[in-house]
Amino acid sequence: MLRVVVLTALAMLAFAGNSLLCRAALRDSALDPASFTAIRLCSGALVLALLVLLRRQGPLRGDWRSALALFGYAAGFSFAYVELDAGSGALILFGAVQASMLGYGWLHGERLRPLQLLGLTSALGGLLFLLLPGASAPSPQAAGLMVLAGVAWAFYSLLGRGNADPLAATAGNFLRSLPALLPLIALYRHQLGWDGLGALYAILSGALASGIGYAIWYAALPHLRAMQAASVQLSVPIIAAVAGNLLLGEAFSLRLLLASVAVLGGIALILLAKARA
């Protein structure tokens with residue numbers, strides 16, 4: 001149980017790091033979202049392939065469905081963050097992930113115990129409280145793109161639950177996603193912009209927060225039910241919002257603090273219920 005908790009916590013930090021790196025690159029540099037997506041996926045594929053080769057324990061794995069879901073998530077994520085700040089973007093993303101994965105779990109017979117239901121209610125209540133009128137409303141187009149990214153990420157996560165070798169599967173999925181970059185770059189060829197700092201952010205996002213972070217997530221997923229995997233990811237918007245305030249100067253408020261207590265407390269109850277099961 002301790003190993004699962006540690007792996008899950010590291011994965012959530014990596015997911016929040018992706019929001020910060022992408023937002024910083026698109027806000028503070030001339031790098032465009034298509035280039036960010038391309039650099040992120042290429043650097044992630046390179047690092048993961050090297051890790052698999054150094055390990056010398058079998059070939060790359062993965063599948064084309066997971067690769068397409070990974071590309072859909074990465075592209076939607078990048079284009080949405082042109083207009084969203086780190087906290088609200090992560091909130092929309094993992095709200096969509098949570099809804100998709102809870103729906104999958106419900107269709108496959110998963111039901112919540114009373115303590116888990118209390119925890120999920122607290123977590124969702126915290127998110128709803130954060131979204132009450134008074135904060136700046138996100139762009140509908142950007143929010144829609146992030147919802148699509150969340151659905152793609154949920155699909156990717158569910159496909160990865162049965163992988164016996166998460167590192168090889170993640171590496172294979174990253175490599176298979178690269179051909180999809182060609183039509184994306186061709187479509188936005190007249191809007192491409194280069195920036196050294198933005199490229200560095202994209203490399204860090206791909207190599208560390210995405211590649212290694214996803215391998216860690218794949219290692220944790222077999223030990224989590226769909227509802228638990230959905231619920232624990234609700235911590236990412238809070239981490240991203242707090243870090244966005246500290247590192248990017250984005251807005252922070254008492255409302256965010258209270259929502260953080262509700263969300264993280266709810267997740268703690270869900271994990272406690274799993275430990276007692």
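**Entry 1: α4 and α11**

I started with a helix pair: α4 and α11 are roughly antiparallel to each other, because angles over 145 degrees get that name, while under 35 counts as roughly parallel, 65 to 115 as roughly perpendicular and the rest as oblique. The axes of α4 (residues 86-107) and α11 cross at roughly 170° and come within 7 Å. I checked how such axes are drawn: they are lines fitted to C-alpha atoms, for helices over the stretch in contact, with angles from 0 to 180 degrees between N-to-C directions. Helices here are DSSP runs (H or I, at least four residues), numbered from the N terminus.

Before going on, I noted that this is a predicted model, where local features need pLDDT of at least 70 and side-chain atom pairs count only at pLDDT 80 or more, while totals for chains, interfaces and linings use all residues. Residues are numbered from 1 along each chain as its sequence is written, and side-chain values use heavy atoms, with hydrogens and water left out.

Which residues of α4 and α11 meet? On the α4 side I listed A86, G87, A90, L91 and F94, and on the α11 side V236, P237, A240, A241 and L248; contact means heavy atoms within 4.5 Å. By class, the contact of α4 with α11 has nine nonpolar residues, one polar and no charged. For the classes, Ala, Val, Leu, Ile, Met, Phe, Trp, Tyr, Cys and Pro are nonpolar, Asp, Glu, Lys and Arg are charged, and the others, Gly among them, are polar.

**Entry 2: α2 and α3**

Next I looked up α2 (residues 33-55) and α3 (residues 64-80), whose axes cross at roughly 140° and come within 8 Å. That angle makes α2 oblique to α3. From α2, the contact takes P33, A34, F36, T37, R40 and L41. From α3, it takes L70, F71, Y73, A74, A75, F77, S78 and F79. I sorted the contact of α2 with α3 into 11 nonpolar, two polar and one charged residues.

**Entry 3: salt bridges**

How many salt bridges does the structure hold? I found two, a salt bridge being a side-chain nitrogen of Lys or Arg within 4 Å of a carboxyl oxygen of Asp or Glu.

One joins the side chains of E250 and R23, at 3.7 Å from N to O. This pair links distant parts of the chain, 227 residues apart: E250 sits in the loop between α11 (235-248) and α12 (254-276), and R23 in helix α1 (residues 2-28). E250 is buried at 9% relative accessibility. R23 is buried too, at 13%; the cut-offs are under 20% relative accessible area for buried, over 50% for exposed, and partly exposed in between (1.4 Å probe, protein chains only).

In the other, R27 pairs with D28, and their closest N and O atoms are 2.8 Å apart. R27 is partly exposed at 35%, and D28 is partly exposed at 41%.

**Entry 4: two single residues**

Is T170 buried or exposed? I found T170 buried, with a relative accessible area of 0%. T170 lies in helix α7 (residues 166-177). Setting aside neighbours within four places in sequence, T170 contacts L48, Y156, G211, Y214, A215 and Y218.

Last, I turned to F129, in helix α5 (residues 114-131). F129 is partly exposed, at 32% relative accessibility. Leaving out neighbours within four places in sequence, F129 touches R255, L258 and A259. The C-alpha atoms of F129 and A259 are 6.5 Å apart, though the two residues are 130 apart along the chain.

Definitions and conventions: Helix = DSSP H or I, 4+ residues; strand = E, 2+ residues; numbered from the N terminus.
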